[in-house]
Amino acid sequence: MLSLSTSWNAIRHRDGHALIEEIKGLGFQHIEVNYQVTAEQLSQIAELVKDGEIKVSSLHNIVPMPQGADPNTAHRLYPFTSPNPEVRKMGVRFTRQTIDHAVRLGAKQWYSIWERAGIFP
């Protein structure tokens, strides 16, 4: 199976249907949902999955992108390695949410970037 990540076009589209149509136009039938996908886009992608229009192979933690987050750094907002226990707690919460979405979308994988505290802004 070959998948294309939504990191390629998620920022260019507000609409999840248009995002998926562009990917399908390249011949892909499977996608990796990355952390730049908004809640609205994710809902629309879920509809397309339900209708059999696209399949989801994996999700990149965290999905969906938190409202107001910078799409270039959203995946680093809540690192498990943060010295702040509240940040770690939020990381666990959003990771569980991502896993729940992976199950709902039929994805077989999810992944996360693990970093040491202090190496990102």
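1. Thr 98 lies in helix α3; helices are DSSP runs (H or I, at least four residues), numbered from the N terminus. The model is predicted, so that local features need pLDDT of at least 70 and side-chain atom pairs count only at pLDDT 80 or more, while totals for chains, interfaces and linings use all residues. Residues are numbered from 1 along each chain as its sequence is written, and side-chain values use heavy atoms, leaving out hydrogens and water.

2. Thr 98 is buried because its relative accessibility is 0% (buried means under 20% relative accessible area, exposed over 50%, partly exposed in between, with a 1.4 Å probe and protein chains only). Apart from neighbours within four places in sequence, Thr 98 contacts Leu 59, Asn 61, Ile 62 and Val 63, where contact means heavy atoms within 4.5 Å.

3. Ile 99 also belongs to helix α3. With a relative accessible area of 30%, Ile 99 is partly exposed. Its C-alpha atom is separated by 8.7 Å from that of Val 63, 36 residues apart along the chain.

4. Helix α2 (residues 39–50) packs with helix α3 (residues 85–105) at an angle of about 25°, the axes being 10 Å apart. Therefore α2 is roughly parallel to α3 (angles under 35 degrees count as roughly parallel). Axes are lines fitted to C-alpha atoms, for helices over the stretch in contact, and angles run from 0 to 180 degrees between N-to-C directions.

5. On the α2 side, Leu 42, Ala 46 and Val 49 make this contact, and on the α3 side, His 101, Arg 104 and Leu 105.

Key:
Helix = DSSP H or I, 4+ residues; strand = E, 2+ residues; numbered from the N terminus. Parallel < 35°, antiparallel > 145°, perpendicular 65-115°, else oblique.
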